[in-house]
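Please find below a colleague's note on the model under discussion. The points are numbered so that each can be taken up separately.

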Amino acid sequence: IESGKTKASFLFASNEETKEVYPFDFELLITYTLEDKNLKVEWEVRNTGDEDMYFTIGGHPAFRFAEPDEVKSDYLLRFPGKESLEYVLIDPAEAAVDPDKVYTLELQNECCQVTEEMFEKDALIFDNGQITEVWLCRKDGTPYAGMKWEGFPNFGIWSVKDAPFVCLEPWKGRCDNVGFDGELSEKPNVNHAAPGESFRQSYLICIY
């Protein structure tokens, strides 16, 4: 809906097809703004219906490796100020997270090595707002690309076998926990917008 030298905005609205799987009227406005070497991504979710709306929303940016012959082990992930992190995994049989099975990602000098084995069980999911900044770095620790954000309770790191990228994903809410059978409004970290209200959130992609 808007395009310029340093800014572009896109609008997606509910329709008959979306109403078959998600029963709310909404508009989703996403704006990308270049700020020097950073890209700001802003979401605005508008409740255009006449009832309370509940939703989750997340980013899925993939960071491709710099050179064609590079692989995951050529990179590190750095989490400034962190010594270790806790994460959960998706149970493939349930397509949901078992919150009682918590794993520890040990860090050395705030970093962990990226490997193929890291993603053998799909995404690593970090709950409880543990992370507000992450950098994809070369093996010598030089930053390549990073992300910064505030107010995201969940964060995912994901890739697939032999893929030349890593996805760094800030989420406002995530998939269900195993066994959850409550109302959508009771879902952990669900977001809410009353009729006529808007919800806003943003994150920053940083290119070193």
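**Notes on the predicted model**

1. Of the 208 residues in the chain, 42% are buried (relative accessible area under 20%; exposed means over 50%, and partly exposed lies in between, with a 1.4 Å probe and protein chains only). The model is a predicted one, in which local features need pLDDT of at least 70 and side-chain atom pairs count only at pLDDT 80 or more, whereas totals for chains, interfaces and linings use all residues. Residues are numbered from 1 along each chain as its sequence is written, and side-chain values use heavy atoms, with hydrogens and water left out.

2. Overall architecture. The chain contains one helix and 20 strands; these are DSSP runs numbered from the N terminus, helices being H or I of at least four residues and strands E of at least two. The chain has a radius of gyration of 18 Å, close to the 17 Å given by the globule rule for 208 residues, so it is as compact as a globular protein of that length. The radius is taken over C-alpha atoms, and the rule is 2.2 Å times the number of residues to the power 0.38. The C-alpha trace spans about 55 × 50 × 30 Å along its principal axes.

3. Contacts along the chain. Considering contacts between residues at least 6 apart in sequence, 63% join residues at least 24 apart. A contact here means heavy atoms within 4.5 Å.

4. The nine-stranded sheet. Nine strands form an open sheet in the order S1-S2-S3-S4-S20-S16-S15-S8-S13, and their pairing is antiparallel. The edges are taken by strand S1 (2-3) and strand S13 (111-113); each has a single partner strand, so one side of each is left without a neighbour in the sheet. Two strands are taken to pair if DSSP finds at least two bridges between them.

5. The S16–S20 pairing. Strand S16 (residues 143-149) and strand S20 (residues 198-207) run antiparallel and are joined by five bridges. Within this part of the model, methionine 147 stands opposite isoleucine 205 in S20.

6. Cysteines. How many disulfides does a search of the whole structure find? The search finds zero, a disulfide being a pair of cysteine sulfur atoms within 2.5 Å. Cysteine 167 is in no disulfide, and its nearest cysteine sulfur, that of cysteine 112, is 15 Å away. For cysteine 206, the closest cysteine sulfur is in cysteine 137 at 12 Å, too far for a bond. Cysteine 167 is buried, at a relative accessible area of 2%, and cysteine 206 is buried at 5%.

7. Salt bridges. Eleven salt bridges are found in the whole structure, each defined by a side-chain nitrogen of Lys or Arg within 4 Å of a carboxyl oxygen of Asp or Glu. Glu27, Glu44, Arg46 and Arg200 are linked in a network of such bridges.

8. Lysine 139 and aspartate 74. These two residues form a salt bridge with the closest N and O atoms 3.5 Å apart. The pair links distant parts of the chain, 65 residues apart: lysine 139 lies in the loop between strand S15 (133-138) and S16, and aspartate 74 in the loop between strand S7 (62-64) and strand S8 (75-78). Lysine 139 is exposed, at 54% relative accessible area, whereas aspartate 74 counts as buried at 19%.

9. Glutamate 110 and arginine 78. In this salt bridge the closest N and O atoms are 3.4 Å apart. Glutamate 110 belongs to the loop between strand S12 (103-106) and S13, while arginine 78 is in strand S8, so the pair ties together parts 32 residues apart in sequence. Both partners count as partly exposed, glutamate 110 at 27% relative accessibility and arginine 78 at 22%.

10. Is lysine 187 buried or exposed? Lysine 187 counts as buried, at 11% relative accessibility, and lies in the loop between strand S18 (165-172) and strand S19 (191-193). The side chains of lysine 187 and aspartate 176 meet in a salt bridge of 2.6 Å, N to O. Aspartate 176 is in the loop between S18 and S19 as well, eleven residues apart from lysine 187, and is partly exposed at 30% relative accessible area. Leaving aside residues up to four places away in sequence, lysine 187 touches Thr56, Arg174, Cys175, Asp176 and Phe180.
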